[in-house]
Amino acid sequence: MSDLNELYQEIILDHNKRPRNYRKLAAASKAEGHNPMCGDRVTVYVKEKDGRIEDVAFEGLGCAISTASASIMTERLKGRTVAEADTLFRRFQDMVTGKLLPGDRDGSGLDALEAFQHLSDYPMRVKCATLPWHTMKAALGDRDGAESSR
Ligand code: ZN
């Protein structure tokens, strides 16, 4: 189990050091999120077409957990449908709040996101991990974004 914890730790540190999809997306819907508990700030850009997420990226300043969560999120959501993104978000949220137990995770598709599973022991940090996801949802709901106003 401790080997696994080390692996999870490494995943988070790696994504924090080299965040994937850390860039601005032109002509995308965007939303800004802020977690006052920790000071994390994130901007999420989403390009959605016909219910599918064509591209997703983020920028921002936050702790290792929020940055790694945003980075892994963008990797996992690219090419997925909005419905799949919703499902994954729900499972992720259930996991970090301790509602989705390890035995129920088979076929959950969480994979690298399981690196955050121990956050259920640190309720203060749960918001760091879910902030990018909430912000992504807000961006998807942003129908007045650059894309649709053209
Ligand atoms: Zn944080």
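Student: Which residues does Arg76 touch, not counting residues up to four places away in sequence?

Tutor: With those neighbours left out, Arg76 touches Leu88, Gly109, Leu110, Asp111, Ala112 and Leu113. Contact here means heavy atoms within 4.5 Å. Keep in mind that this is a predicted model: local features need pLDDT of at least 70, side-chain atom pairs count only at pLDDT 80 or more, and totals for chains, interfaces and linings use all residues. Residues are numbered from 1 along each chain as its sequence is written, and side-chain values use heavy atoms, with hydrogens and water left out.

Student: In which helix is the place of Arg76?

Tutor: Helices (H or I, at least four residues) and strands (E, at least two) are DSSP runs, numbered from the N terminus. Arg76 sits in helix H2.

Student: Does Arg76 count as buried or exposed?

Tutor: Buried means under 20% relative accessible area, exposed over 50%, and partly exposed in between, with a 1.4 Å probe and protein chains only. Arg76 has 12% relative accessibility, so it counts as buried.

Student: Which backbone oxygen lies 2.7 Å from a polar atom of the side chain of Arg76?

Tutor: That of Leu110. A pair of N or O atoms within 3.5 Å is a polar contact; within protein, one must be able to donate a hydrogen and the other to accept it, and residues adjacent in sequence count only if both atoms are side-chain atoms.

Student: How many residues apart in sequence are Arg76 and Leu113, and how far apart in space?

Tutor: Arg76 and Leu113 are 37 residues apart in sequence. Their C-alpha atoms are 8.9 Å apart in space. Leu113 is also one of the residues in contact with Ile72.

Student: What is Ile72 in contact with, leaving aside its neighbours within four places in sequence?

Tutor: Ile72 meets Ile11, His15, Ala112, Leu113 and Phe116. Ile72 belongs to helix H2. Its relative accessibility is 1%, so Ile72 counts as buried. The C-alpha atom of Ile72 is 10.0 Å from that of Ala115, which is 43 residues away along the chain.

Student: Where does His15 lie?

Tutor: His15 is in helix H1, residues 2–17. It is buried, because its relative accessible area is 6%. The His15 side chain makes a polar contact with the side chain of Ser71, at 2.7 Å. Beyond four places in sequence, His15 touches Arg20, Thr67, Ala68, Ser71, Ile72 and Glu75.

Student: Which residues is Ala68 in contact with, leaving aside its neighbours within four places in sequence?

Tutor: Ala68 contacts Ile12, His15, Asn16 and Phe116. Ala68 lies in helix H2 and is buried, with a relative accessible area of 0%. Thr97 is 29 residues from Ala68 along the chain, and their C-alpha atoms are separated by 18 Å.

Student: What is the volume of the largest pocket?

Tutor: Rolling a probe the size of a water molecule over the atoms shows where empty space is left. On a 1 Å grid over the protein atoms alone, a pocket is an open set of points where a 1.4 Å probe fits, with protein on both sides within 12 Å along at least five of seven lines; lining residues have an atom within 4 Å of a point. Grid points are joined across faces, edges and corners, and a volume is the space filled by probe spheres set on the points. Here the largest pocket has a volume of about 300 Å³. It is lined by 14 residues, and the closest to its centre are Gln9, Ile12, Ile65, Ala115 and Leu119.

Student: What is the phi of Asn21?

Tutor: Asn21 has a positive phi of about 55°, although it is not a glycine. It lies in the loop between H1 and strand S1 (29–35). Asn21 counts as buried, at 14% relative accessibility. Ala27 is found in the loop between H1 and S1 too, with a positive phi near 50°. Ala27 is partly exposed, at a relative accessible area of 25%.

Student: To what does the count of disulfides come?

Tutor: A disulfide is a covalent bond between the sulfur atoms of two cysteines. The rule asks for a pair of cysteine sulfur atoms within 2.5 Å. By this rule the model has zero disulfides. Cys63 is buried, at 16% relative accessible area, and Cys128 is buried at 0%.
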